[in-house]
Amino acid sequence: MNIQTGIRTDIPPADAFAAFAVRLAHDAVPDEVRTRAVHHMLDAAGIAVASAQYPFAAPVLAGLQALGDRGHVPVFGMDANLSPRDAAIMNGYLGHGLDYDDTHISAMTHATVVILPVCLSAAALAGASGREMVTAYIIGIEAAARIGTCAKSAFHQIGYHPTGIVGTMAASIAAGRLLGLSAEQIAMAQGIALSQASGSMQFLETGAWTKRFHPGWAAQSGLVAASLAKAGMVGAEEPYEGRFGFFNLFAGTHRDWVDMGELTEGLGTRWEMMDTGIKPFPTCHLTHGAIDAALSLHNQLDPSQIVSITARVPHQANPVVCDPIEKKHKPTSDYEAKFSLHYLVAAALMRGRLTLDELEPEVFTDPALLALTAKVQHADMPGTAFPEVYPGGVTVTMDDGSTVSAEEPVNRGAADRPLSNAEIVAKYRHNAAIGAGPEKVAAMEAAMLGLNDAADPVEALRVFSA
């Protein structure tokens, strides 16, 4: 038994998560963890406000509204209120819309864009306070981090987006806390969530919008699972370790990569919230080390004199950001650009930055930039600490035969190189300004950072609705 938390370590994982969810007190969470939590929530909400201005936002809102039941939960960045279930979908979709949201590095999971939406919707159903919502959010982050981490990147290799499958399980736990479920009911909710978890990586083939959809679907699935468990539905036992349980199902032929010993280790004593990385670039996190390496070389060379470029990342990243090379050399959508190591390295070298502007069609179809992209090949980067960090390196060969190289063994935003809270706020302000004026940006910031003291978090965060 963990003496500090009273949680037994010799019980099934679903029971351990359930006990943690029921027993964790708001005041038992260190101040720095609660402070960091609301900054991560601010980051995600600011991205959602920006996402609402993009063409991918309105059709999904219209599709959900066509189903009826408008509800009272606000949609970030849009003049709309939806039912708790549909709001969880929409807010998760928008939060992940620009692929700029946080990632728990070793879990390879975008946790906040699942857990913030489900907690907002569950708080609306339960009439919970801000401090209760923040506590449930932290519970969800802690669960998601551990479920993803113990798989050692196996989910990606099989073709599952970890956020969709991991997020569903974690969302059921966070929602269960807010909806007042017993430990037995939260364990049952995870057994129900198992049959809802989904998230195919097929979006990589054409840059489909479905990846954006995964966090919201996970959020609503967790909400549904918790509600059904509270009402008495019977879910599967052994949802993680069973014969057809989570890891045997989603890790597939890489089941031997999974370390079940990490699944509930340190609950309530080691805070994975503090190891969740904020993205400095709006691209797949696996590319960030290589992008920073390329940016460091920008002022040292003339792109017109480049003969070849080799971009290095850990071999586990290849299926996501390196293959097939034909598509990576010629992205046809912003999502294809976000997941092309080749394009992103070329853009960083040529333009000296990697922002949302580099993901606009007029940039990723620019002939000069595509010509440079065609000179990029990829290679494995051995001996790294992946997946605890997302390293990268770049070597550029010039027309006189000389070479210049740079490596980033630890990406910015990783646990050893975290962005400060002030940097998170600055990022939020830049993103939120895409969809709101200065006064509203300030009001939204104050509401989220003050969430621990809010009597009604739903009303406090209604300011995020357009």
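Start by selecting Arg 353 and Asp 357. They form a salt bridge, and their closest N and O atoms are 3.8 Å apart. This is a predicted model. Arg 353 is partly exposed, at 36% relative accessible area. Asp 357 is partly exposed too, at 41%.

Is Glu 358 buried or exposed? Glu 358 is buried, with a relative accessible area of 0%. Arg 351 counts as partly exposed, at 32%.

Now go to Arg 417 and Glu 408. Here a salt bridge joins the two side chains, 2.8 Å from N to O. Arg 417 is partly exposed at 31% relative accessibility. Glu 408 has 18%, and buried means under 20%, so Glu 408 counts as buried.

Salt bridges with shared partners link Arg 351, Arg 353, Asp 357 and Glu 358 into one network. The structure holds 17 salt bridges.

Move on to helix 20, residues 438–449. Pick its end C-alpha atoms: they are 17 Å apart. At 1.5 Å a residue, the 12 residues should span 16 Å, so the two values agree.

Which residues of helix 20 are buried? Select Val 441, Met 444, Glu 445, Ala 447 and Met 448. They cover an arc of only 165° around the axis, so they lie on the same side of helix 20. Turn to the other side, where Pro 438, Glu 439 and Ala 446 are exposed.

Finally, look at what covers the buried residues of helix 20. The cover includes helix 2 (31–51), helix 5 (112–126), helix 19 (421–432) and helix 21 (457–460).

Notes:
Residues numbered from 1 in each chain as written. Predicted model: local features only at pLDDT ≥ 70, side-chain atom pairs only at ≥ 80, totals over all residues. Heavy atoms only, no water. Helix = DSSP H or I, 4+ residues; strand = E, 2+ residues; numbered from the N terminus. Expected span 1.5 Å × (residues − 1). Buried < 20%, exposed > 50% of the residue type's maximum accessible area, 1.4 Å probe, protein only. Arc of directions from axis to C-beta. Contact = heavy atoms within 4.5 Å. Salt bridge = Lys/Arg side-chain N within 4 Å of Asp/Glu carboxyl O.
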